[in-house]
Amino acid sequence: MGVGIEVTNLNAWYGANHTLQDINLNIPANHATALIGPSGCGKSTFVRCLNRMHETNPIARVTGTVRIGDLDIYEDAKPVEIRRRVGMVFQRPNPFPTMSIYDNVAAGLKLNGYHNRRVLDEIVEKSLKNSALWDEVKDDLKKKSGASLSGGQQQRLCIARALAVDPEVLLMDEPASALDPVSTSKIEDLIFQLKTQYTIVIVTHNMQQAARVAEKTGFFLNGRMVEFDSTHKIFTNPSDKRTEDYITGRFG
Amino acid sequence: MTRIRFQQSLDDLKENLLVMAGLAEQAIQRAIEAYRVRDLSICDLVSRSEIAINRLERDIDQAALDLLAMEQPMAIDLRFILAVIKINADLERVGDAAKSISDRVRNMDQMAVADLPVDIPRMASLATDMVRRCLQSFIEADPEMARTVLTMDDAVDAMNRAAYKALTKVMAEQGHIAPQALNALMICRSLERVADHATNIAEDVIFWVKGADVRHHKIAGGGRDPQAGR
Amino acid sequence: MAKGNKIRERMRAVTDHAATGLAVLSTLLVVAPLVAIFVYLVYKGASSLNLAFFTELPKPEGETGGGMANAILGSGVLLGVASCIGIPIGIGGGIFLAEFGRGTKLANAIRFTADVLNGVPSIVMGVAAYALIVKPQNHIIPFSGHFSAFSGGVALGIMMIPTVCRTTEEMLLMVPHAVREAALALGVPNWRSVLSITVKTASPGIITGCMLAFARVAGETAPLIFTALGNQFWSASLDRPIAALPLQIYVYALSPYDDLHRLAWGGALVLIVLIVLAVSLVRFVAGRGVLKGAS
């Protein structure tokens with residue numbers, strides 16, 4: 001089951017660069033929320049603040065509060081714990097190149113000390129089914145390496161890998177931008193199904209995609225969140241002129 | 001500013017719609033003039049413009065469809081194109097109403113002039129005023145002007161109801177001029193339709209500019225709620 | 001206009017062919033000496049390779065026959081000790097430089113030291129091992145006070161460190177950042193991610209680095225002169241002087257006896273072949289674990 005995310009007065013810096021300014025928003029549980037905005041507006045940084053991945057950069061700094069469910073992720077937990085509850089899928093599929101499909105999906109579990117064979121088998125199968133990849137790979141699980149799949153399959157593999165650790169939230173940073181239209185539709189259909197079990201936050205600069213999969217959409221500009229509302233409202237009658245200029249392509 | 005070609009296409013679409021609007025408005029005015037002076041040559045003009053109007057309707061619909069498919073318009077652009085498609089249909093119907101009126105005039109040409117208890121010219125002027133206003137509100141993207149059109153519809157409806165009552169009485173009591181009364185009734189109905197189409201166009205303008213759907217917002221008592229969509 | 005183009009076309013084709021020709025010629029110039037050496041070694045040394053060579057000890061001076069079996073064993077022992085010292089320290093250093101110490105002053109100091117160490121002449125390395133292990137007479141340093149296989153192994157091991165360390169660092173840096181991020185995003189602690197994912201991904205390159213270092217020290221003679229010293233008899237003990245192929249070749253080549261010269265040629269051929277075999281074996285074993293289609 002997914003949980004809601006509450007962000008209060010979030011500010012983020014990379015060195016002296018004030019990348020995010022006073023972000024406040026509530027991401028609803030078991031929904032897909034899309035974040036749109038031009039390049040460099042901070043939406044990727046924002047999403048990385050939700051699972052403390054921005055901290056992997058030594059010059060990064062954050063103030064403010066992020067509550068996932070009832071847990072304050074900066075005060076009450078360590079980054080490693082948070083990342084097990086908040087999964088992430090990246091723009092370019094990045095399966096572990098030396099591992100088989102099976103090992104890729106099980107990686108999150110194995111590397112955290114779970115070795116029960118039967119349990120792993122079950123989880124791998126369930127995750128691959130949840131990411132609509134099971135039928136295509138079930139015969140080659142241990143024989144083929146993760147990197148030998150096609151781009152769309154690799155991305156679904158990465159989704160399965162993220163789901164295997166049973167997160168509550170799934171962050172997707174432009175998951176389909178490197179994929180062809182058919183693979184993109186498969187991923188979008190997947191998001192529809194996953195919504196019922198997880199809370200999904202998806203960064204995209206394909207607005208049609210945001211419109212297709214998300215119930216709520218937030219528009220980021222220059223490190224601020226300009227508007228956050230139902231997707232329907234944002235795309236048919238946004239309140240802020242800057243939002244309208246962006247989505248009609250009249251920007252700049 | 002980006003999407004210059006797209007903006008140009010939107011401007012072209014608006015312009016074509018205005019050409020069509022001009023033709024429709026002219027058709028109505030000619031039809032009413034034909035009624036006033038009983039001149040059949042004007043009826044011919046109306047018939048010819050009907051052909052042009054139908055052709056334009058097809059062209060505008062096609063252009064709008066292309067823009068929807070190719071340009072993925074959002075927000076105000078999307079509302080604009082949707083409004084254009086609907087206004088397009090309403091203008092075509094206005095053209096049809098004009099033709100209908102001119103057909104009645106042709107029909108009445110063989111009949112004797114009768115003195116009927118309806119003020120068709122006044123109803124006609126109200127209707128054409130509504131048409132002119134709604135088109136003006138479209139040209140200027142002025143929702144307030146569009147709103148005034150919504151309030152005028154009630155007057156036209158009232159006149160139509162009164163005409164119906166009066167003319168049915170004439171048909172019952174003065175059978176020898178029943179054909180003229182019937183034709184007059186049909187002309188009144190056409191004018192009422194024109195007023196309705198003008199109202200629709202005004203609602204579409206408000207939808208386009210404000211993103212508010214003001215259709216069918218009738219308050220108790222049958223009047224239209226001018227506060228709707230504010 | 002067209003004629004000018006045609007001339008230019010032809011010039012371009014000529015230049016292309018000339019460049020290709022130069023590249024092929026350069027390759028031949030590089031490969032030729034290698035091939036020549038190998039062919040000459042086979043010519044000179046193959047005749048002395050018999051069963052005795054691989055099983056017998058050298059005969060006392062003046063007698064014919066005998067072999068270099070003890071030197072082969074001795075080289076094996078020395079390289080084993082060297083690998084146990086050089087490879088773990090080198091890989092550990094490489095991991096530190098690439099993963100944990102990026103940008104720190106300590107890392108820069110380590111890298112600088114490794115580069116300097118790389119440039120130290122091998123005989124100086126031998127002298128250093130002599131001063132540190134062979135000369136002192138105390139109980140702190142193991143096997144100290146006399147010539148020993150251990151001191152030879154240490155000298156060779158230290159020579160392996162810079163190569164292993166720098167190669168490991170470079171191979172680790174080549175692992176795409178995306179792979180690291182994927183591991184971190186799963187909630188895997190950094191040290192675990194480094195060991196299980198990053199190092200594993202870079203392992204083909206790291207193994208190559210180790211093999212390069214191994215091949216280099218396998219043929220070193222100078223460091224062994226004052227440390228391992230050499231031994232005419234069977235010995236595999238770390239505590240005593242030990243024979244080594246390169247050392248033995250050196251000694252025999254300088255001797256006045258033809259028979260020993262013959263053995264030296266055979267030894268040289270065997271040394272090269274053994275190195276190639278060792279490297280191939282490692283490649284084969286490492287390659288067995290690679291999956292279909294993996295990078």
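## Burial and shape of chain C

Of the 295 residues of chain C, 39% count as buried, a residue being buried if 20 or more other C-beta atoms, placed from the backbone, lie within 10 Å of its own. This is a predicted model, in which local features need pLDDT of at least 70 and side-chain atom pairs count only at pLDDT 80 or more, while totals for chains, interfaces and linings use all residues. Residues are numbered from 1 along each chain as its sequence is written, and chains are lettered from A and ligands numbered from 1 in the order in which they are written.

Chain C has 11 helices and 0 strands; helices (H or I, at least four residues) and strands (E, at least two) are DSSP runs, numbered from the N terminus. The C-alpha trace of chain C spans about 80 × 60 × 35 Å along its principal axes.

## Contact between chains A and C

The contact takes 26 residues from chain A and 20 residues from chain C; two residues are in contact if their C-beta atoms, placed from the backbone, lie within 7 Å. On the side of chain A that touches chain C, helix 2 of chain A gives the most, with 4 residues.

## Two helices of chain B

The axes of helix 1 (residues 4–37) and helix 3 (residues 75–108) of chain B come within 9 Å and cross at roughly 20°. Axes are lines fitted to C-alpha atoms, for helices over the stretch in contact, with angles running from 0 to 180 degrees between N-to-C directions. Helix 1 of chain B and helix 3 of chain B are therefore roughly parallel to each other, a term for angles under 35 degrees.

Terms used. Angles under 35 degrees count as roughly parallel, over 145 as roughly antiparallel, 65 to 115 as roughly perpendicular and the rest as oblique. A residue is buried if 20 or more other C-beta atoms lie within 10 Å of its own, exposed if 12 or fewer, and partly exposed in between; C-beta atoms are placed from the backbone.
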